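Hello,

Here is the structure we spoke about, handed over for your own look. My notes on the findings follow below it.

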Amino acid sequence: MNTSKDFIDAIGRRHLPTADARIVCLVPSITELLCELGLAARLVGRTGFCIHPHEVVAGIPKVGGTKDVNVDKIRRLAPTHVVVNIDENEKPTVERLAEFVPHVVVTHPNVPRDNLALARLMGGIFGAEAAAERWCAAFEAEYAALRASAAGPQRTVLYCIWQDPWMSVSQDTYIASMLAELGWRVPVLEAGVRYPRFQWSEELVRGLDAVLLSTEPYRFTEAHADALEKQIGIPVLLVDGEMMSWYGSRALAGLQYLRRLRTMLEGI
């Protein structure tokens, strides 16, 4: 646990503990984490994509989306803290919020074990350190179980997050890091681009063992997977996008999901 009683966010900004904080969270997975840590009563605003846990967040005012934030509504809510993420929230919006919100907490998990620091950051700032440590212990146990499970063969998989245009993920994303826990890698499609666009080609397909279609942000379905598999002739699986991309409290279930995903591809 942090004994210095200040906590460092993803851009090196220091935050002191504030047990009576008024929090606006603009990151769906972290809204869920804050609720998991017993901090729902401190949340005064959330995005429309902050949908878990449904029965808890239903009573928390919405302030737009992760990209189209209603700054004026946030101003009226008078938060002491706003929680943002480097990938999910627009920098100009965050800079506008910083003009009147006393504390902007920036997050940027990139690999599964970054969830430990994230939980401790949220618990430390908002007075839930004991709950954060309990969650971290559960995460460590599940991570150890994943590492102890039998490793399958290394594979190259294309993880698709959108179509029209088709889009995937690069190797420096949280999703790719989750896949790497299974010994799977994603192809390099466009250097320096975290979410590259691509076009299907024989050359691309030849280098793949399988294609994974995510249920979010694009709502791929089993019908999409079946049609694409017939088109390209290699295995195509529908995967739960929340389990693969949501850090925070859902990352615990995400580790369990990775073991099931490994089983799904064992036969190919």
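**Charges over rings**

The charged end of Arg113 is placed over the ring of Tyr143, at 5.1 Å from the ring's centre. Please keep in mind throughout that this is a predicted model.

**Aromatic pairs**

Tyr143 also takes part in ring pairing. The structure has nine aromatic pairs. One of them joins Phe139 and Tyr143, which are stacked, with 6.2 Å from centre to centre and 15° between the planes. Both residues belong to helix 6, which covers residues 129-148, and because they are four residues apart there, about one helical turn separates them. Phe139 has a relative accessibility of 0% and therefore counts as buried. Tyr143 is buried as well, its relative accessible area being 9%.

Phe198 and Trp200 form a pair of another geometry: their ring centres are 5.1 Å apart and their planes stand at 85°, so this pair is edge-to-face. Phe198 and Trp200 are both buried. The two also belong to a cluster linked by ring pairs, made up of Trp162, Trp166, Phe198, Trp200, Tyr218 and Phe220.

Four strands make an open sheet in the order 8-7-9-10, and their pairing is parallel. Strand 8 (184-185) and strand 10 (236-239) are the edge strands; each has a single partner strand, so one side of each has no neighbour in the sheet. Strand 7, residues 155-160, pairs with strand 8 in the parallel sense over two bridges. Arg155 has Trp184 as its bridge partner in strand 8.

Two helices that pack on this sheet are worth a look. Helix 9 (residues 222-232) packs on the sheet and touches strand 9 (210-214) and strand 10. The direction of helix 9 makes an angle of about 160° with that of strand 10. Helix 11, residues 250-264, packs on the sheet too, where it touches strand 8 and strand 10. For helix 11, the angle between its direction and that of strand 10 is about 160°.

Regards

Terms used: Residues numbered from 1 in each chain as written. Predicted model: local features only at pLDDT ≥ 70, side-chain atom pairs only at ≥ 80, totals over all residues. Heavy atoms only, no water. Pairing = 2+ DSSP bridges. Contact = heavy atoms within 4.5 Å. Axes fitted to C-alpha atoms, helices over the stretch in contact; angles between N-to-C directions. Phe/Tyr/Trp six-rings, centres within 6.5 Å; stacked < 30°, edge-to-face > 60°. Buried < 20%, exposed > 50% of the residue type's maximum accessible area, 1.4 Å probe, protein only. Lys NZ or Arg CZ within 6 Å of the ring centre and 35° of its normal.
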